[in-house]
Amino acid sequence: MTVKLLIGDVELANPVIAAPMAGVTDRAYRILVREAGCGLVFTEMISDQALIYGNPRTRIILEHGGEKGPLAVQIFGSNPDYMARAAEIVAGEGADIIDINMGCPTPKIVKNGEGAALMKNPELAAEIVSRVAARVKVPVTVKMRKGWDEANVNAVEMARLVEAAGAAAVTVHGRTRAQFYSGQADWDIIRRVKEAVGIPVIGNGDVRTPLDARRMLEETGCDGVMIGRASMGNPWIFSRTVHYLATGELLPEPSWEEKIRTALRHLDLLVALKGEHIGVLEMRKHAAWYLKGLRGAARLREKINRAGSVQEMKDILTGILDGGYL
């Protein structure tokens, strides 16, 4: 049966969690996956300095009015004082959980000592957690990787340090920074972290189906599973996983009609959030994800990538239903 998960004093209805993903997990995405039964959603990661200096884009990322259920806001940085100040701002905006990014592998992040680069500086990582946890009343969590590379696998050490510093939970992605998103995720490191700490541990990496989620829970003993790339264009991964964990029944994949109808709604949500121009531009990648596996998808993606208005995008998507693609 699906069990609830407690992170600090925040109770999640189930242990199936949507990963924070830059350029993906905006309010439109979060609305759809919440409706699919996801136990916890995250914002895209936000720079501590962007928060402190009032970057206008952070207002869009933080916007969550009308969303139901707990919200985790992920912040990144490498200066303990800045991170504490940023966390205070985020808590004031209504975040239920503040997550500290120690896993982002992109060069522009790690070159500043942020994201996964903190795996190379455990003492600084622990100090950041300690300062943030002391500044806010909401639970503070950490998302990390297996380590920097295979010669520097230190997730167990890091997890112990951040727990001692005040973290309420830790998410472990079973890849090193050197792997980025390639190769296979090492679930054994998730098991080792779970055995080493007393706080909830959330497993991340290679959960692509409901069966993967159950297998991760069974093999690692982790308390929750985090789903990232498998949810792009596929919010049903959450409803199917929650149902499977609760009942053992594997629900069928959604029909193509349901996928297209959901894509159309995703478009409307994006445009309402960001305006027509940006909404249509951002919908191009989402539409490609929704159409993955459809006969003729390559030609449709070419048309989608030329769409410049909401009506053009809608005409293409509705044309799939009416034009013999299915």
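Reader: What makes α10 the element that gives the most to the lining of the second largest pocket?
Author: In this predicted model, α10 supplies three residues to that lining. A lining residue has an atom within 4 Å of a pocket point. Both α10 (236-247) and α12 (276-290) provide at least two residues there.

Reader: What is the volume of the largest pocket, and which element gives the most to its lining?
Author: The volume is about 860 Å³. α3 gives the most to the lining, with three residues. The lining has 39 residues, and P20, M21, A22, M45 and Y181 are nearest the centre. Its classes are 19 nonpolar, 11 polar and nine charged.

Reader: Why is the set that holds M102, M144 and F238 called a nonpolar core?
Author: A core joins buried residues of listed nonpolar types through side-chain atoms within 4.5 Å, so Met and Phe qualify by type. The set has 64 residues, and M102, M144 and F238 touch the most other members. Beyond four places in sequence, the contacts of M102 include M119, V142, M144 and M158.

Reader: Which residues does the second core include?
Author: A28, L32, L267 and V280 are among its 25 residues, and this core is separate.

Methods: Residues are numbered from 1 along each chain as its sequence is written. This is a predicted model: local features need pLDDT of at least 70, side-chain atom pairs count only at pLDDT 80 or more; totals for chains, interfaces and linings use all residues. Side-chain values use heavy atoms; hydrogens and water are left out. Buried means under 20% relative accessible area, exposed over 50%, partly exposed in between (1.4 Å probe, protein chains only). Contact means heavy atoms within 4.5 Å. On a 1 Å grid over the protein atoms alone, a cavity is a set of points where a 1.4 Å probe fits but cannot get out, and a pocket is an open set with protein on both sides within 12 Å along at least five of seven lines; lining residues have an atom within 4 Å of a point. Grid points are joined across faces, edges and corners, and a volume is the space filled by probe spheres set on the points. Helices (H or I, at least four residues) and strands (E, at least two) are DSSP runs, numbered from the N terminus. Ala, Val, Leu, Ile, Met, Phe, Trp, Tyr, Cys and Pro count as nonpolar, Asp, Glu, Lys and Arg as charged, and the others, Gly among them, as polar.
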